[in-house]
Amino acid sequence: METSGKSGTSGTSGTSGNELPGRPRIGALDGPVTERAACVLAPNPSPMTLDGTNTWILAEPGSALAVVVDPGPEHEAHLRRVLDTVERGGRRVAMTLLTHHHDDHAAGAARFAELAGGAPVRALDPRRRLGEEGLAPGETITVGGLELRAVPTPGHTADSLSFLLAADGAVLTGDTVLGRGTTIVVHPDGRLGDYLDSLRRLRALTVDGGVRTVLPGHGPVLRDAQGAIDYYLAHRAARLAQVETAVENGLRTPAEIVAHVYADVDRAVWPAAELTVRAQLEYLREHGLV
């Protein structure tokens, strides 16, 4: 199992796709999605990775250059399929970008760089970079007329970034917002306060930045970005209140709290949910609530 730290369920099973938060696109996510973005789905499905990792290929129409976001795990057939998809479009890979350091997004980056003729890998985490350039929060990346902005979205991990693709009214969110279910805060690297700030930052893009669509790191495309983020904020507030109540009722250990608060979540992801509970407890202590 990949261990990128996501919760694959959110208590919304049994409803139709159009009733789920964010109006997820129906059908397998593999192929063109917007004018500038196409997905190649990695073959690594699990309770943690949902259908698998979404590797994104971005290019300006008519350009000979492409950007690959999150090449995914070190899976040779997948990495070659990504490169073949780029080349079939008459393009070459100019660079690879990483939303964060987790293996299901980044472990294949070094091998993909080899396959792509040494194209650089840019990331916020220096350990994942190949080449001299990293990424800075707020930086604008321009490749062959394609313009992306690196949006700081720490919380799931400290190095989490999203990428604003303004020309398509879209944002690539990595694990900060998923296409199905809700993500976790990977304590102690991730912090809940940071995560809530990141969700608010993304929501502001749906108001002031023209963002309508979420291109997530896992799961289907969300066609109502604001609705999805509003759901995430409400869901996180509800979970935090449940954890606070659990502590008030005498539950003390993270494992006890998970069993009580996350009873509606697949037990396969309880160990990951415990990381979020630790982050929630830290947040409550910092704010003097427990």
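Predicted model: local features only at pLDDT ≥ 70, side-chain atom pairs only at ≥ 80, totals over all residues.
Visitor: Two strands pair if DSSP finds at least two bridges between them. With that settled, what's the strand order in the open sheet?
Guide: The order is β2-β3-β4-β5-β6-β7, six strands with mixed pairing. Helices (H or I, at least four residues) and strands (E, at least two) are DSSP runs, numbered from the N terminus.

Visitor: Fine. Which strands stand at the edges of that sheet?
Guide: β2 (31-32) and β7 (121-122). Each has a single partner strand, so one side of each has no neighbour in the sheet.

Visitor: What about β4, is it buried or exposed?
Guide: Five of the five residues of β4 are buried, so the strand is largely enclosed by the rest of the structure. Buried means under 20% relative accessible area, exposed is over 50%, and partly exposed lies in between (1.4 Å probe, protein chains only).

Visitor: Which way do the β4 residues point?
Guide: Asn-54, Trp-56 and Leu-58 go one way, Thr-55 and Ile-57 the other.

Visitor: How many residues lie between β4 and β5 in their hairpin?
Guide: Six. Gly-62 in that turn takes a positive phi of about 85°. Ser-63 is in that loop too, between β4 (54-58) and β5 (65-69).

Visitor: Ser-63, then: what does it touch?
Guide: Apart from neighbours within four places in sequence, Ser-63 is in contact with Arg-91 and Gly-144; contact means heavy atoms within 4.5 Å. A polar atom of the Ser-63 side chain lies 3.3 Å from the backbone oxygen of Gly-144. Ser-63 counts as buried because its relative accessibility is 11%.

Visitor: Which helix lies across β3, β4, β5 and β6?
Guide: That's α1 (residues 76-88), running at about 155° to β3 (37-41). For the angle, axes are lines fitted to C-alpha atoms, for helices over the stretch in contact, and angles run from 0 to 180 degrees between N-to-C directions.

Visitor: New topic. How many salt bridges are there?
Guide: The structure holds 18, where a salt bridge is a side-chain nitrogen of Lys or Arg within 4 Å of a carboxyl oxygen of Asp or Glu. One of them joins Glu-139 to Arg-122, with the closest N and O atoms 2.4 Å apart. That pair links distant parts of the chain, 17 residues apart: Glu-139 is in the loop between β7 and β8 (140-143), and Arg-122 is in strand β7. Arg-122 is buried at 5% relative accessibility, whereas Glu-139 is partly exposed at 22%.

Visitor: What about the Asp-264 and Arg-239 pair, where do those two sit?
Guide: Their side chains meet in a salt bridge at 2.8 Å, N to O. This pair also links distant parts of the chain, with Asp-264 in the loop between α6 and α7 and Arg-239 in helix α5, 25 residues apart. Asp-264 is partly exposed at 41%, and Arg-239 is buried at 5%.

Visitor: Which residues are linked in a salt-bridge network?
Guide: Glu-35, Arg-36, Glu-60 and Asp-168.

Visitor: Last stop, α7. What should its 17 residues span?
Guide: 24 Å, and the end C-alpha atoms of α7 (residues 270-286) are 24 Å apart, which agrees. The expected span is 1.5 Å times one less than the number of residues.

Visitor: Which elements cover the buried residues of α7?
Guide: The cover includes α4 (192-208), α5 (225-248) and α6 (254-261). Among the buried residues of α7 are Trp-270, Val-277, Leu-281 and Tyr-283.

Visitor: And how far apart are Glu-274 and Arg-278 along that helix?
Guide: Four residues, so about one helical turn separates them. Their side chains meet in a salt bridge at 3.0 Å, N to O. Glu-274 is partly exposed at 22%, and Arg-278 is partly exposed at 35%. Just after α7, Gly-288 has a positive phi of about 70°.

Terms used
Residues numbered from 1 in each chain as written. Heavy atoms only, no water. Polar contact = N/O pair within 3.5 Å; in protein donor to acceptor, adjacent residues only side chain to side chain.
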